[in-house]
Amino acid sequence: LGTDDTCALFDRVPGSRRHMIRADSARPETISEVGRRGFRIEGAAKWSGSVEDGIQFLKSFRRIYIHPRCKRTIEEAKLWRYKTDRYTGDVLPKRVAGHDHCWDAIRYALAPLIRPGKRFQFG
């Protein structure tokens, strides 16, 4: 989306101008422009291994509840997976491409809680 469309989409969410929005930090100029238009927005921190650290953080929860209205997130939750070795069936440390846009957004939202290299264990 262009900046105008992004801001219009954000404005459809009640309270979006009062609450922090964490975005993919790949487009700092877009983040800056959206911020100039009255939104509280920042780029999520990225580091070598940040995706894996975020996945570990999410896996540390016993359950993740997805609201039934979040159809795309439900679909991604069903399709997201690691690659497997085609001969042995062993799970490989590489993710299958795709089905990760919602999970990226969830990781960005939780970015202040995720620490480089930290392994989490909750209840």
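Helices (H or I, at least four residues) and strands (E, at least two) are DSSP runs, numbered from the N terminus. The views below show a predicted model, in which local features need pLDDT of at least 70, side-chain atom pairs count only at pLDDT 80 or more, and totals for chains, interfaces and linings use all residues. Residues are numbered from 1 along each chain as its sequence is written, and side-chain values use heavy atoms, with hydrogens and water left out.

**View 1. The second largest pocket and its lining.** A pocket is an open set of points, on a 1 Å grid over the protein atoms alone, where a 1.4 Å probe fits, with protein on both sides within 12 Å along at least five of seven lines; lining residues have an atom within 4 Å of a point. This pocket holds about 310 Å³ of space, a volume being the space filled by probe spheres set on grid points that are joined across faces, edges and corners. Of its 15 lining residues, Ile55, Leu58, Trp80, Arg95 and Trp103 lie nearest the centre. Helix H3 (50-59) and H5 each supply at least two lining residues, and H3 gives the most, with four. The lining comprises nine nonpolar residues, one polar and five charged; here Ala, Val, Leu, Ile, Met, Phe, Trp, Tyr, Cys and Pro count as nonpolar, Asp, Glu, Lys and Arg as charged, and the others, Gly among them, as polar.

**View 2. The largest pocket.** Its volume is about 750 Å³. The lining has 22 residues, and Leu1, Thr6, Phe10, Ala23 and Asp24 are the closest to the centre. At least two lining residues come from each of helix H1 (3-11), strand E1 (21-23), helix H2 (28-36) and helix H5 (101-109). Twelve of the lining residues are nonpolar, five are polar and five are charged.

**View 3. Isoleucine 114 in the segment after H5.** Isoleucine 114 counts as buried because its relative accessibility is 6% (buried means under 20% relative accessible area, exposed over 50%, partly exposed in between, with a 1.4 Å probe and protein chains only).

**View 4. Cysteine 70 and cysteine 102.** A disulfide is a covalent bond between the sulfur atoms of two cysteines; the search criterion is a pair of cysteine sulfur atoms within 2.5 Å. Zero disulfides are found in the whole structure. The cysteine sulfur closest to that of cysteine 70 belongs to cysteine 102, and at 8.0 Å it is too far for a bond. Cysteine 102 is accordingly in no disulfide. Cysteine 70 is partly exposed, at 35% relative accessibility, whereas cysteine 102 is buried, with a relative accessible area of 15%.
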